[in-house]
Amino acid sequence: MLPKLSRYTLILLAIVIMSVYLPRLYHKVFDEKTGKTQLFFSPVIKKFVFREMVGEGHQFITRDETGKDYDRQTFETLMPFIYYKNMDLWGKLPLHIDGHVFDKETMKKNRQVFELKPHMIADRSPRIQVFPLLESQPGRTGLRFPEDAFRMTDRMEFINVDTNTVDKRLTEQFTGALREAGFVFPARLVAGRVSILKPFDEGFFVVDANGGVYHVKRAKGQPVVIKTPIPSDLTVRNIKVTENKKREIYGTLLTKDGELYLISYDNYHLIKLPLENYDPDTMDFKLLVNPLYRTAVYSDDHTIYAVAMDTRYRPIARYRHVMFSGRRIPAGTVYKALFPFYIKTTDKTSGYLRFDVIRNGPSALIGIAFSLVFAIVVMNARKLGLRKHWADLAIIMFTGLYGLIAVTIIEPEP
Amino acid sequence: MENAIEVVNLTHRYGKQIVYEDLSFTVKQGRIFGLLGKNGVGKTTLIKILMGFLRPTSGRCRVLGENSYNLSPAARTKIGLLFEGHLAYEFMTIAQIEKFYSMQYPGWKRDMYYRLVDKLDLPHNHKIKNMSCGQRSQVVLGLIFAQNPELMILDDYSMGLDAGYRRLFLDYLIDYVKGGARTVFVTSHIIQDLEKLVDDVIFLDRGGDILQTSLSEFMSAFKQFRFKNNGFGDRVHKDHIIKNFDITKSTVSLYSFEPEEAVLRHLNKNGIEVTALEQVPMSLEDAFIGLTGKY
Amino acid sequence: MLASILYKEWLKIRPYLAIVFLFNAAVLVYLFIDLRHLFAIEHAEMIWYWAFQIGTLHYAHIKYLLPITGVIIGAAQFVPEMIGHRFRLSLHLPVRSDALVLWSGLIGLLAVGIIGVLDALSLYAIIGIFFPSEAAESALLTALPWLFAGPVTYLGTALVTMEPRLVRKLVYIAVSGGFLWLFYQSNDYESYNRVLWKLALLALLSVPSLILPAYRYRNASS
C-alpha cells in the first residue's frame, strides 16, 4: 500500500515539473515572431491609424481605420508630432495644421507620454518601502540623492544612509509637518519617481490611513506638505509621478475601481480619462500628448483600444481593433493537443512569480486519446493488467502526455 | 519441534538461468546445519532469499514461522546474520558499533562482545574501516554473539579468519548451541571445520539438486573405494551407483552410497574385472569433493 | 528505536556537519566583508538606490549555499549505507526498513533545516548592519526560495543514492533538478512572495518517495 502511494506522489511531482518545463521547451523550439500593433490618432486625417506586423519576417502594414493602406513615409507624415524628426529631415517643417503652425522646437517641447503597465502598479510588484526624498531646490543644476532615506511607519522616519540609524531631527520635523497638515498614520501608499535623471523633483504623493492624498517635498531642507483636495473616498490604488518641464500634469492616479485620472498642476485637479474596457491589471496603457490631441491607447494580448481626446480631455473618437497577433491562435492545435494544461510561472503583468495551472482547452482530448492508446500498448507489452492498473490510466486521462511519460518511466512495483 | 527454516518448492531464476527449481528442505530447531556446495551454486542467493533481501521467482520460505520476504522486526531480533564479506558499518568504531547494536536487541550481552573483540587488542575507538577483513569479521561475530539470537545464519564465516580464531569461534559456536533452543545455519569453504560442528548437512548442486542428511548418516553411508587401474578404468562412468569417480594411472577411486558388495557386483556387471575393493576412510572434505567433484 | 537511528545518523553526519558549518560560515563572512567593502568604496545612498530601486541583489553569494549543503549531508548519510551492498545491514535491523529510511531522512532534513535557519538569521543580521530593517526582511524573503532548495537537493541526493536501478536514478535526478531550478527563476527581490507556499507543498510530495528504496532494493535482482 505504502509503496503504491509513494509511487503516486512521485508521479504527481513529475507531472507538475513536466508541465512547467515541457511547454517552455516547446516554445523555445517553435516560437515565431509576433509584434504588438501600434495605434495612433492622426491629427492630419483625423482618423485612427495603425502599424501592425503580419505574417512571417518583417512584413508590416500601415493602415487607417477605414482600411486604406499607406506607404511608410506617408504613414509617418500622418503622425507629425511623433515623427517630427523625420518630418524635419524631409523638409516638411514647420507644420501647418488646423490653422496652427508648429516648428520643431515647439513640437519637441510639447511631446509627452504617460505610461502605465500592469507591473508598474504598486500592488503588482514588490518594492522595498524605503525612499530617498530629494532636495527639490538644490540651488544648482542636477539632482542628487540625499544622505538619508525615509520610510512611513507610525511616523515619517528618516534613516541616515551612512550610520543606518534614525535621524531623529528630520523624523520629527517631517512627521510634525505631516501631522499639522492632517496626515493620519500609517500611510497606505507612497508614490514618487525615484531617480536623479529627471528635470526637477516633485517629491512624493503619500496616501494616509483615511485615503487622503498628501504631496510631500523637501525644499531647502524644510518639509513642504500639502493636503491635496483629491477626495479621500476615491480609494487610490496607484499614483505614478512624472516630472515634465511643461509642469501641467503631476502624473497618473489609478483607483481601485479601475478609473484612471491625471493629476493636474491646477490645485491637483483630477482629470478623468474617458476609457472604456480598460483593465489595468492586464492592459498596457499609454497616453500620447501633442499640442492638438490627447490619445489614450491601451491593449492586452488580444485587443487594442484607443480614445482620441481634445486638449480638455473630452473624447472625440474611439476605436478598437483585434490585433493580428491576437487573432492568430498564439498556441497551435499541436501545442494544445500535446499539453492539456501547463503551469505558468512568469507573468509580464506582475513583478511576482506565479504558479498556476492554465488549461489549454478541448484540443487536449486528441492528445489524451493518443496517450491512452500508447499507454495501453505499453502496458500490454509489459504484461500489466489494465484493470489492475486503472489508476495509471485515469492519471493519463486527466494529464495526457505528462501522465503517460510519468506512468511509463516510473514503473509500478511488482 | 518447530522448524527454524522451512523452504518449500523454491524456484529462482536470474533472467533465463535457473538457480534452483523446486528446492525444498527444512532446518529443525536446535540443530547446526551446514550448507555445502561449490562456488556459484547459489548459497548466498539462498541466504538473501531467506533474509528477505531478494524476492524468489516462486515458492515459499518461512523463517522462525514467518514469511521470509516480510520478516517482522520481532523476528529479526531473533536472527543473527553474518553476511558474506563481513559487512559492517565502516564509519563506526569498535565501541560505537557495540553501542548502536545494543540499542537494537533486547537481552544484549555486552561482555560477550568485548570478550571476543578485545582479543584483537585494538583500542575501542579504532574505526572499522581501518581494519583488515579478519579483524572486521571478529567484530561482526562478536556482535552476533552479543545479540544472542535464536537462529544464527552465518554465510562463509571463516573468510579472513586465521586458524586460531576459527578454532576459538568453533568452540563458542558449539557452546552456544548447547541447550537446544538455538539453531545455526552455516556455510563455509573450510569443510574440516564443519565436520566438527554440524549435525546436518545440505549439499547444494547446480540447478538445485540437493541432498539433505545428517552428518553421521552421510559419513557412514558415503564411501570411497579404490582399486588398481588394470586397464578397465575407462569403462567407469557415473550412474545411480557410482556417484563420482577419479582415475589416475595407477588407481581408480569410486564414490558411492552403496555397500561394497553392491558396488563390486555393479562393476563386474559392466565388464570391469575387479575382485576386491579397498575402502578408503574419508574426512568430510574428502567426501564433499567426492560427492561434488574436483574442478 | 529512534534513539539508535539518531545515533547512527549522527555518527555519519558529524564530521560533515563541521565541514558544512565552516562552508556556510565562510560564505557568510565573505558576504559581510564584501558588503563592507562596497560601502567603503561607494556612496551609501547610491548603494541603497541600486538595492531598492534598481533591484540589485547584494547578497547573491548565498544563492547555492543550502543546496550544496543538502547534497553534502545527503551523501554523508546515504552513501555509506549503499556502497558494497551495505543496505542489507540496515534491512536486517529489527526496524521496519521504510520507517528506518524515513526517520533517517527526517533527521537529515532537520540538519539541513537548522543550517538554513542559521543562514537566514545571519543574512538578516548582516544586511541589517548596512541597510534598514525593510531591506533585511526583503533579503530574507528573497533568499527563502534559495533556502528551500536545500531540502530539495537533500531529498534528491538521498533518493538517487539509495535507488538500486539506473533508470529510476535518472528520473530522480531529472525531477530533483527540474524542481531545483524552480527556485532560481528570478533575479529580482521578493518575486517568490506569492508562490513560495505552493512550492513548499510541492516539496512535501517528494518526502514519501523515501520509503521506496527499501522495497525496490529487494526487488532488484542483485
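Colleague: Which strands of chain B do the buried residues of H1(B) pack against?

Modeller: The buried residues of H1(B) pack against strands E1 (3-14), E3 (32-37), E4 (58-63), E7 (151-155), E8 (183-187) and E9 (200-204) of chain B, where helices (H or I, at least four residues) and strands (E, at least two) are DSSP runs, numbered from the N terminus. Please keep in mind that this is a predicted model, in which local features need pLDDT of at least 70 and side-chain atom pairs count only at pLDDT 80 or more, while totals for chains, interfaces and linings use all residues. Residues are numbered from 1 along each chain as its sequence is written, with chains lettered from A and ligands numbered from 1 in the order in which they are written.

Colleague: How many residues of H1(B) are buried, and which ones?

Modeller: Six of the eight residues in H1(B), which spans residues 43-50, are buried, namely Lys43(B), Leu46(B), Ile47(B), Lys48(B), Ile49(B) and Leu50(B). A residue is buried if 20 or more other C-beta atoms lie within 10 Å of its own, exposed if 12 or fewer, and partly exposed in between, with C-beta atoms placed from the backbone. The helix is followed by Gly52(B), whose phi is positive, near 80°.

Colleague: Staying in chain B, which strands are joined to E11(B) by bridges?

Modeller: E11(B), residues 223-228, is joined by six bridges to E13(B), residues 251-256, and the two run antiparallel; within that pairing, Lys223(B) has Ser256(B) as its bridge partner. Three bridges join E11(B) to E14(B), residues 278-280, also in an antiparallel arrangement, and there Arg226(B) stands opposite Glu278(B). Two strands pair here if DSSP finds at least two bridges between them.

Colleague: Switching to chain C, what is its fold pattern along the sequence?

Modeller: Chain C reads α-α-α-α-α-α-α-α-α, with nine helices and zero strands. Its C-alpha atoms fill a box of roughly 65 × 30 × 25 Å along the principal axes, and buried residues make up 43% of its 222 residues.

Colleague: How many residues of chain C are in contact with chain A?

Modeller: 41 residues of chain C are in contact with 38 residues of chain A, a contact being two residues whose C-beta atoms, placed from the backbone, lie within 7 Å. H2(C) gives the most to that side of chain C, with seven residues, and the side divides into 23 nonpolar, 10 polar and eight charged residues. In this classing Ala, Val, Leu, Ile, Met, Phe, Trp, Tyr, Cys and Pro count as nonpolar, Asp, Glu, Lys and Arg as charged, and the others, Gly among them, as polar.

Colleague: And how many residues of chain C and chain B does their contact take?

Modeller: That contact takes 22 residues from chain C and 21 residues from chain B. H1(C) gives the most on the chain C side, with six residues, and by class that side has nine nonpolar, seven polar and six charged residues.

Colleague: What about the largest nonpolar core, how many residues does it have?

Modeller: It has 156 residues, and those with the most contacts inside it are Ala14(A), Val206(A) and Ala306(A). The largest share, 14 residues, comes from H6 of chain C, residues 133-162. Such a core is a set of buried Ala, Val, Leu, Ile, Met, Phe, Trp, Tyr and Cys residues joined through C-beta atoms within 7 Å.

Colleague: Which peptide bonds in chain A are cis?

Modeller: The bond from Leu93(A) to Pro94(A) is cis, with omega near 0°, and Pro94(A) is found in the loop between H3 (84-89) and E4 (95-97) of chain A. The bond from Phe185(A) to Pro186(A) is cis as well, with omega near 0°, and Pro186(A) lies in the loop between H5 (168-180) and E10 (189-192) of chain A.

Colleague: Last one: is Asp98(A), with its positive phi, buried or exposed?

Modeller: Asp98(A), whose phi is about 50° although it is not a glycine, counts as exposed, with 10 C-beta neighbours inside 10 Å. By comparison, Asn9(B), with a positive phi near 50°, is found in strand E1 of chain B and is partly exposed, with 14 other C-beta atoms within 10 Å.
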